[in-house]
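Let's take a friendly walk through this model together. Have the sequence and the 3D view open as you read.

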Amino acid sequence: MWKKTGINPLTFNKTDDAHGFNGKIFTIISILELLIVGLYAFKNEWYEYLLPFWYLENETLQKIGWGFLIVSLILVWIAQTHMANSWRIGIDEENKAKLVTNGMFSISRNPIFLGIMVANIGLFLIIPNAFTLLIISLSTISINTQIRLEEEFLKREFGKDYEDYANKVRRWI
């Protein structure tokens, strides 16, 4: 999108307000996910240090987890396609975007966040350990905080149009 529109979709600020803090949490979660997946894939002998839940390690749960990851990838891809040039990570106070209410956004106001949560659960089912459970916990808090920050911004930005949309379409599903 950056090349297409010239607008950087990464809009978390560097301040110490709730939006900036949430951006830092998202960064920590992303790094943690990369480290866990990297350790699991390339340094399996270190996996025990992630405090695995051995009683959840079975082929059926792993297959379900992979299914969740595939579904989440499709969900996020379709939702981002529907957002087109309005897609941002965080709140963009500088660049105007249109209110997206069609496609996946006619079913859920937050299909991308829903996809991220489905992916986190899938990751936990594939690699069940204390750190993937921590990712689910941190993501749940951070995403729910971000949703509320974005809702306040969208109310200011789009007024009655957003309020009508929020009254028709549920936050999650």
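Arg109, Glu151 and Arg171 are joined in a network of salt bridges. Keep in mind that this is a predicted model. Start with glutamate 151 and arginine 109, whose side chains meet in a salt bridge at 2.6 Å, N to O. This pair ties together distant parts of the chain: glutamate 151 sits in helix H5, arginine 109 in the loop between H3 and H4, and they are 42 residues apart. Glutamate 151 also meets arginine 171 in a salt bridge, here at 2.7 Å, N to O. Arginine 171 lies in the segment after helix H6 (160–168), 20 residues apart from glutamate 151 in helix H5.

For glutamate 151 the relative accessible area is 9%, and buried means under 20%. Arginine 171, at 26%, is partly exposed.

A search of the whole structure finds seven salt bridges. Another one of them joins lysine 43 and glutamate 45, with the closest N and O atoms 3.7 Å apart. Lysine 43 is partly exposed at 33% relative accessibility, and glutamate 45 is partly exposed at 49%.

Now follow helix H5 (residues 130–158) to its packing with helix H2 (residues 18–42): their axes are 10 Å apart, at an angle of about 155°. Angles over 145 degrees count as roughly antiparallel, so H2 and H5 are roughly antiparallel to each other. Their crossing is left-handed.

Finally, look at the surface, where Ile64, Phe68 and Ile121 form a nonpolar patch with about 210 Å² of accessible area together. Phenylalanine 68 belongs to helix H3 (residues 59–83).

Technical notes
Residues are numbered from 1 along each chain as its sequence is written. This is a predicted model: local features need pLDDT of at least 70, side-chain atom pairs count only at pLDDT 80 or more; totals for chains, interfaces and linings use all residues. Side-chain values use heavy atoms; hydrogens and water are left out. Patches are made of residues with over 30% relative accessible area and no salt bridge: like charges are joined within 9 Å, nonpolar side chains (Val, Leu, Ile, Met, Phe, Trp, Tyr) within 5 Å. Accessible areas come from the Shrake-Rupley method with a 1.4 Å probe; for residues, only the protein chains shown count as cover. A salt bridge is a side-chain nitrogen of Lys or Arg within 4 Å of a carboxyl oxygen of Asp or Glu. Helices (H or I, at least four residues) and strands (E, at least two) are DSSP runs, numbered from the N terminus. Axes are lines fitted to C-alpha atoms, for helices over the stretch in contact, and angles run from 0 to 180 degrees between N-to-C directions. Angles under 35 degrees count as roughly parallel, over 145 as roughly antiparallel, 65 to 115 as roughly perpendicular and the rest as oblique. A crossing is left-handed if the near helix is turned anticlockwise from the far one by less than a right angle, and right-handed if clockwise. Buried means under 20% relative accessible area, exposed over 50%, partly exposed in between (1.4 Å probe, protein chains only).
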